[in-house]
Amino acid sequence: MLIWFVIAYLMVSVAIGLWAATRVHNARDFAVAGRSLPLPVVTATVFATWFGAEAVFGVSAQFVKEGLGGVVADPFGSSLCLVIAGFFFATQLYKLNILTVGDFYRLRYNRTVEVITSLCIVGSYLGWVAAQIKALGLIFNVVTGGAVSPELGMVLGTAIVLTYTTFGGMFSVAILDFVQMTVSIGGLLYIGWVVSGMTGGVGPVVQHAAAAGKLDFFPPADPWLWITFLGAGVTMMLGSVPQQDVFQRITSARSARIAIWGSVLGAAIYFCFIKEDAARRSEHKAPRPNLKHQLRVILMACLAVSFIHVL
């Protein structure tokens, strides 16, 4: 039943992407959706900037291992990155009416700077995209009960993504982000409700995390630990501002005001749901075998339909 649901959703995703392609008539439509997206869609696509398979798997596992101090980069740094981009850069970039971050460097400097910065931005995505595709392959493998190998799952997921993004561009990505955000948030809320029923509510979860020292955010008074802590947070918070995906999602808005608030709302929703997922995993390390299997299947189903757009 689950596998057929996933297959049906993948077909719907491709169909939506191809339908969105009918609205693409020029480079502006392809790159920034014709700058026509309303606030709910902008919020969803900004939320999807960081919300992927590696965020759900990696951030929650890092929180369980190192506590709040271990997730200073994501979601703290990544969420603040979107807030900063919205409040301080969205309006100015929107007024420039450009399609890429590279265009800004060409206008501000010259063609050489544009090419160099664009190559740096492309290179910076390799590790992140690799993590997304790797996690996607794992999802396919688990959802199909091993019938699809992780390697084949990575190939299938990448092929699906390339199909609808090649034809529909930002229109496809934005519309699917909105649909997938709705599904993923609904799934995580349901999982949170199931787990809270097992733990007796939110209170015991917070108490468990506090007793285990997971809520200690700042590191001990050691200079090297503080350098590492601040470096991780600042790198993600400021280093990700001049990235094409952040720029593209913000400037796809219908107006500068929507660009600002879509970025801020998307950041807030992302932060809340990543922390909810981390808290859920910190408390529920060893559920009963049958319930553990059920929760894993539910989570994998949500991930499978939410993170097909990894590229």
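Q: Is D103 buried or exposed?
A: A residue is called buried when its relative accessible area is under 20%, exposed when this is over 50%, and partly exposed in between (1.4 Å probe, protein chains only). D103 has a relative accessible area of 13% and is therefore buried. The model is predicted, so local features need pLDDT of at least 70 and side-chain atom pairs count only at pLDDT 80 or more, whereas totals for chains, interfaces and linings use all residues. Residues are numbered from 1 along each chain as its sequence is written, and side-chain values use heavy atoms, with hydrogens and water left out.

Q: In which element does D103 lie, and with which residue does it form a salt bridge?
A: Side chains of opposite charge can pair when their charged atoms come close. A salt bridge is counted when a side-chain nitrogen of Lys or Arg is within 4 Å of a carboxyl oxygen of Asp or Glu. D103 is bridged to R106, with 2.9 Å between the closest N and O atoms. Both residues belong to helix α6 (residues 101-108), where they are three residues apart, about one turn of the helix. Helices are DSSP runs of H or I with at least four residues, and strands are runs of E with at least two, numbered from the N terminus. R106 counts as partly exposed, because its relative accessibility is 33%.

Q: What other salt bridge does R106 make?
A: The side chain of R106 also meets that of E114, at 3.1 Å from N to O. E114 counts as buried, at 9% relative accessibility.

Q: How many salt bridges are there by this rule, and which parts does the pair D177 and R249 tie together?
A: The count comes to four. In one of them, the side chains of D177 and R249 meet at 3.6 Å from N to O. D177 lies in helix α8 (residues 150-199) and R249 in helix α11 (residues 244-250), so this pair ties together parts that are 72 residues apart in sequence. D177 is buried, with a relative accessible area of 1%; R249, at 10% relative accessibility, counts as buried too. Elsewhere, bridges that share partners join D103, R106, R111 and E114 into one network.

Q: How many aromatic pairs are counted, and what is the geometry of F217 and F229?
A: Rings of Phe, Tyr and Trp (its six-membered ring) pair if their centres lie within 6.5 Å; planes under 30 degrees apart count as stacked, over 60 as edge-to-face and the rest as tilted. This rule gives 11 aromatic pairs. The ring centres of F217 and F229 are 5.2 Å apart and their planes stand at 80 degrees, so the pair is edge-to-face. It links distant parts of the chain, 12 residues apart: F217 is in the loop between α9 (202-211) and α10 (223-239), and F229 is in helix α10. F217 counts as partly exposed at 23% relative accessibility, whereas F229 counts as buried at 10%.

Q: Which residue forms an aromatic pair with F229 at 5.7 Å centre to centre?
A: That residue is W226; the pair is edge-to-face, with 75 degrees between the planes. W226 and F229 both lie in helix α10, three residues apart, about one turn of the helix. W226 is partly exposed, with a relative accessible area of 30%. Ring pairs link F76, F217, F218, W226, F229 and F271 into a cluster.

Q: Over which ring does the charged end of R35 sit?
A: A charge sits over a ring if NZ of Lys or CZ of Arg is within 6 Å of the ring centre and within 35 degrees of the ring normal. The charged end of R35 sits over the ring of Y94, 3.6 Å from its centre. For R108 the ring is that of Y109, with the centre 5.0 Å away.

Q: Which residues form a nonpolar patch on the surface?
A: Patches are made of residues with over 30% relative accessible area and no salt bridge; like charges are joined within 9 Å, and nonpolar side chains (Val, Leu, Ile, Met, Phe, Trp, Tyr) within 5 Å. Here the patch consists of L39, F87, F88, F89, W261 and L265, with about 590 Å² of accessible area together. Two or more residues come from each of α5 (72-96) and α12 (256-283), and α5 gives the most, with three. L39 belongs to helix α3 (residues 39-47) and counts as partly exposed, at 32% relative accessibility.

Q: How many helices and strands does the protein chain have?
A: The protein chain has 13 helices and zero strands. Buried residues make up 49% of its 311 residues.

Key:
Areas by Shrake-Rupley, 256 points an atom, 1.4 Å probe, with all protein chains shown as cover.
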